[in-house]
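In what order do the elements of the protein chain run from the N terminus on?

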Amino acid sequence: MSPVPGAEPAAPPPAEAPAPKPATADTPPMPLPGAALSARFKESPMARSPFAPPSLPVMPTAVPGRQPLPGAQREADDRRTLTIGKGITINGTIADAERLVVEGTIEAGQITGLAELVVAPGGLFKGDVEVDEADIAGTIDGTVTTRRLLTVRSAGQVLGTARCKRLAVEDGGQIQGRIEMIPG
C-alpha cells in the first residue's frame, strides 16, 4: 500500500517491558510496572467504585435486653418510631410518634398519639405518659398509664405511679410508689 498524502506515518509497535530479574541475595526484587500505583490505589479511600453501594453498619431492630411483646412484632414494624439514642437528652413535646424507644434521657412535657413506650436498659423517662403498652427495662420517673399491659423487666424501675390494666414484673424489676389497676 502506498502512503496517503498528508497522513502521518503509523507509530511503531510499543516495545515490551523487560521481564523483571529474579531476586538474589544481593539484589531486591524489581517491582512490576504499575505495582506502586496499584498499592497506592488499594489504600486510597477512593478505591471503591463510586457506583458500589456504601457499606453501612447493620442496626439491630430489637432493643437489647428486651423480649418482644406477644403479637406486637408485626405491629411495631408498621408504627412510626422515634428512638432517643444513648447519650442523647430530649426535653419537650413529642407528637405523632406511635412508638417511642428511650435509650438516652427524655423529660417529657407533653406526649400525644403514643401507642407503645419502650425504655431500654440505661434509658430514663421523666414525666407522665399514657400508652397502650409499656416495656420498661430502664427507669420511668413520673406516672405511666397503660391501657393494656405494663411490663417491668428485671433491670426496670418505675418511680412514681403505675396505672395499668395488666401488670407483669420480672424478678428484680422495681415499682416504688403507687400501683393502680384499671378495671376492665
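From the N terminus on, the elements of the protein chain run α-α-β-β-β-β-β-β-β-β-β. That makes 2 helices and 9 strands, where helices (H or I, at least four residues) and strands (E, at least two) are DSSP runs numbered from the N terminus. The model is predicted: local features need pLDDT of at least 70 and side-chain atom pairs count only at pLDDT 80 or more, while totals for chains, interfaces and linings use all residues. Residues are numbered from 1 along each chain as its sequence is written, and side-chain values use heavy atoms, with hydrogens and water left out.

**Whole chain**

- The protein chain has 184 residues, and 30% of them count as buried; buried means under 20% relative accessible area, exposed over 50%, and partly exposed in between (1.4 Å probe, protein chains only).
- About 12,600 Å² of the protein chain is accessible surface, and 58% of this belongs to carbon and sulfur atoms; accessible areas come from the Shrake-Rupley method with a 1.4 Å probe, and for residues only the protein chains shown count as cover.
- Of the contacts between residues at least 6 apart in sequence, 9% join residues at least 24 apart; contact means heavy atoms within 4.5 Å.

**Nonpolar core**

- The largest nonpolar core has 23 residues, and those touching the most other members are L100, I111, L117, F125, V129, V144 and L150; such a core is a set of buried Ala, Val, Leu, Ile, Met, Phe, Trp, Tyr and Cys residues joined through side-chain atoms within 4.5 Å.
- At least two residues of this core come from each of β3 (99-102), β4 (105-112), β5 (116-119), β6 (124-136), β7 (139-152) and β8 (157-169).
- With 5 residues, β6 gives the most to the core.
- Beyond its neighbours within four places in sequence, L150 contacts A134, I136, V144, A162, C164, R166, L167 and A168.

**Surface patch**

- A nonpolar surface patch is formed by L167, V169, I179 and M181, which together have about 330 Å² of accessible area.
- Patch residues have over 30% relative accessible area and no salt bridge, with nonpolar side chains (Val, Leu, Ile, Met, Phe, Trp, Tyr) joined within 5 Å and like charges within 9 Å; a salt bridge is a side-chain nitrogen of Lys or Arg within 4 Å of a carboxyl oxygen of Asp or Glu.
- β8 and β9 each supply at least two of the patch residues.
- L167 lies in strand β8 and has a relative accessible area of 31%, so L167 counts as partly exposed.

- D171 sits in the loop between β8 and β9 (174-181).
- D171 counts as exposed because its relative accessibility is 79%.
- The C-alpha atoms of D171 and A155 are 8.9 Å apart, with the two residues 16 apart along the chain.
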